[in-house]
Amino acid sequence: MYLTKEEERTYDGERGWTDQTCMKILVRLGELFNAAKLVRISSAHVSGVSYKTLGDAPAEFLETLANAGGKVRVRATLNPQSFDSEYLGRRLEQSLREKQLNVLKQFARMGFTESLTCTPYYLRKPKRGSHLAWAESSAVVYANSVVGAWTNREGGPSALAAAIIGKTPDYGIHKPENRLPKILVNVSTSLRNESEFGALGIHLGRLLKDEIPAIQGLGNTPETCLKQLSAALASTGMVNMFHLNKGAQTKTERLEKINVETKDVRKTVESLSTREQSEPDLVFIGCPHCSLGEIKEIALLMKDKKVNEKTEFWVCTSQCIKEKAREYVAQIEKSGGHVLAGVCTIVSWTEKLGIRTIMTNSAKTAYYAPTMNKAEVTFKPLKECLATAIRG
Amino acid sequence: MRNKTLKGRVIVEGHCKAKALVSAKPISFLGGVDPATGKIVEKDHDLCGESVKGKILCFPHGHGSTVGSYVLYSLSKRHLAPKAIINQTADPVVVVGAIIADIPMIDQVDISLIKTGDLIEVDAKKGVVRILTDGES
C-alpha cells in the first residue's frame with residue numbers, strides 16, 4: 001500500500017501513539033482488502049456508543065486514546081446511546097448511567113460531535129461523491145444509495161481510526177467499478193407503506209448477500225421509505241448500496257434478474273411479527289431516527305388523541321431534530337407519548353423497564369428486537385401502530 | 001514427532017512460543033469470549049469453557065460485532081489475552097483487535113495441520129509458524 005511521507009511518519013509514531021495506532025488499523029485493513037492508498041474523507045460516523053452493547057472493554061480503549069491526546073481530524077458523529085437523560089435515564093440505576101456517560105465523555109474529549117443518531121444525514125447532508133467512513137449499516141446504505149456519497153460499511157473501531165486520521169483505505173465501494181449493479185430486481189407489486197419497503201429490504205438482503213441491485217418498479221418513493229428499505233437491506237444482507245432504476249440510467253440488459261411479487265412482501269411482513277398482539281407494552285416509531293417530516297406527521301395524527309395508560313409510546317430522533325420539531329414534540333407529549341432524543345430502542349435497556357412486547361413500523365427493529373431486547377414483536381405500518389397506542 | 005514449518009502472512013509483528021488452542025469454528029469475541037475470565041462462553045462452540053489466556057489461538061476467522069475488537073484489548077489489559085493469533089483468513093474484527101491489543105498475528109496458515117496442545121513457535125516477523133512438539137507425544 002502506498003503511503004505519503006506524512007502518512008509514513010504517522011505510521012512510524014512521530015505524531016504520538018494514538019495516531020500511530022489508528023494509522024496501523026487503516027493500513028492493515030487496507031492491505032487486507034488490497035487498497036492501493038488512503039483517501040481523504042469528509043466525515044466519519046462511529047457505531048458502538050451504547051454501553052448496553054459495548055460493555056466495559058471499549059471504554060478502556062477510548063480512555064487510553066483520549067489520554068494519549070487523540071483528536072478527530074474531520075467531522076465525526078456518533079450513533080445513539082442507551083438512554084435519554086429526560087425520560088429513560090431517570091428510570092435506570094445510577095451505575096449504568098455513569099458508565100454510559102463515561103463512554104460519551106471519552107468521545108467528547110477526542111472532539112466527536114455528540115450527535116447520538118443513526119441518521120447523521122439529517123444533521124448535515126454529505127456532498128454527492130464525497131468519501132465517508134461511516135459505520136451504522138442503515139446510514140451506509142442510505143448514504144450510498146440516496147445521498148450519493150461513497151462509504152464502505154465500517155466497523156466501530158475502523159470508523160474511529162478514520163475519524164482520527166481523516167482518511168480511509170481506498171477499497172470496496174470507494175472504487176467506481178465496485179458501485180455498478182450486479183443484479184436487476186423487478187418489483188412487480190406496489191408497496192403500500194413504509195413497513196412494506198422495510199419488508200422488501202429484509203427479503204432482498206437475504207437473496208442478494210453482497211450483490212448490488214438495480215431495483216425497478218418502485219415508482220416515486222418518499223425518502224423515508226427508502227430509509228426503511230436501506231435499514232432492512234443492511235440487517236439481513238452485506239450489500240452496501242442499491243440503485244433505483246427509473247428508466248434507462250443503468251445498463252441492465254446483461255444482468256441476472258430476480259422478481260419480487262406481492263406474496264414475497266406479504267410473507268416477509270408476516271414473518272417479522274413473532275406474535276399478533278393488541279396490547280403491546282411499547283409502541284415504537286423511529287428506527288432509523290425520525291426526520292422532521294415524520295415527527296410532524298405523527299403529531300398531526302395524534303392531535304386530540306390520548307395514548308392509553310397501559311402502553312408506552314416512544315418516538316426516537318436526534319436532539320437536533322427534536323429541537324427543530326419543538327411544536328410537534330409538544331403535541332405528541334400532550335397526547336401522552338414521549339419523543340426521546342439520542343437513544344435507540346434496540347440498544348436501550350427495555351428489559352429493565354419491563355418491556356416484553358413491542359409494536360413497531362420498523363423492519364430493522366422487528367428483525368433485531370427478539371434477540372437484542374428479548375421481546376415479542378408485532379410489525380405494523382405507522383397508522384396501525386398509532387391506532388394501537390391510542391386504543392391499547 | 002512432527003516438526004513442521006508453516007508459512008503465512010504477517011498481520012501484527014511479534015515472536016512467541018506457547019501451546020496451541022485450535023478451533024475449527026469461527027469465534028465471535030463479543031458475546032463469545034468473557035472479557036473478565038478469558039474463557040470461551042459461546043454455547044455449541046467446540047472450545048466452550050476453554051481459556052484463551054497464554055495460548056496461541058488458532059481458528060478460521062472471526063465473525064460478529066466489531067465491538068469484538070475491543071474485547072481483545074480488554075483481555076490483554078487483564079493479562080487474559082492469547083499470546084498470538086493464527087487465522088486461516090483474517091477478518092477486520094480480529095485484525096483491529098490484534099493491533100490495538102498488540103497481539104502477534106499471522107493469517108493464511110493451514111490451521112488444520114495444528115492440534116490443540118502442540119507446542120508451537122510463532123515468528124510474526126517472517127510470517128512463520130513452527131510446530132515444535134506434538135501435543136500427544
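The structure is a predicted model, in which local features need pLDDT of at least 70, side-chain atom pairs count only at pLDDT 80 or more, and totals for chains, interfaces and linings use all residues. Residues are numbered from 1 along each chain as its sequence is written, while chains are lettered from A and ligands numbered from 1 in the order in which they are written.

Chain A holds 15 helices and 14 strands. Helices (H or I, at least four residues) and strands (E, at least two) are DSSP runs, numbered from the N terminus. The radius of gyration of chain A is 21 Å, close to the 21 Å that the globule rule gives for 392 residues, so chain A is as compact as a globular protein of that length. This radius is taken over C-alpha atoms, and the rule is 2.2 Å times the number of residues to the power 0.38. Along the principal axes, the C-alpha atoms of chain A fill a box of roughly 65 × 60 × 35 Å. Of the 392 residues in chain A, 53% are buried. A residue is buried if 20 or more other C-beta atoms lie within 10 Å of its own, exposed if 12 or fewer, and partly exposed in between, with C-beta atoms placed from the backbone.

Helix H14 of chain A spans residues 363-372, and its buried residues include A:Ala363, A:Tyr367 and A:Ala369. The buried residues of H14(A) pack against several elements of chain A, among them helix H6 (137-147), helix H8 (194-208) and strand E14 (376-379). Just after H14(A), A:Lys374 takes a positive phi of about 45 degrees.

Chain B gives 17 residues to the contact and chain A gives 19. Two residues are in contact if their C-beta atoms, placed from the backbone, lie within 7 Å. On the side of chain B that touches chain A, helix H2 (68-77) and helix H3 (92-101) of chain B each give two or more residues. The residues on that side divide into 13 nonpolar, three polar and one charged. Ala, Val, Leu, Ile, Met, Phe, Trp, Tyr, Cys and Pro count as nonpolar, Asp, Glu, Lys and Arg as charged, and the others, Gly among them, as polar.

The largest nonpolar core has 160 residues, and A:Leu26 and B:Ala98 are among those with the most contacts inside it. H3(B) gives the most to this core, with eight residues. Such a core is a set of buried Ala, Val, Leu, Ile, Met, Phe, Trp, Tyr and Cys residues joined through C-beta atoms within 7 Å.
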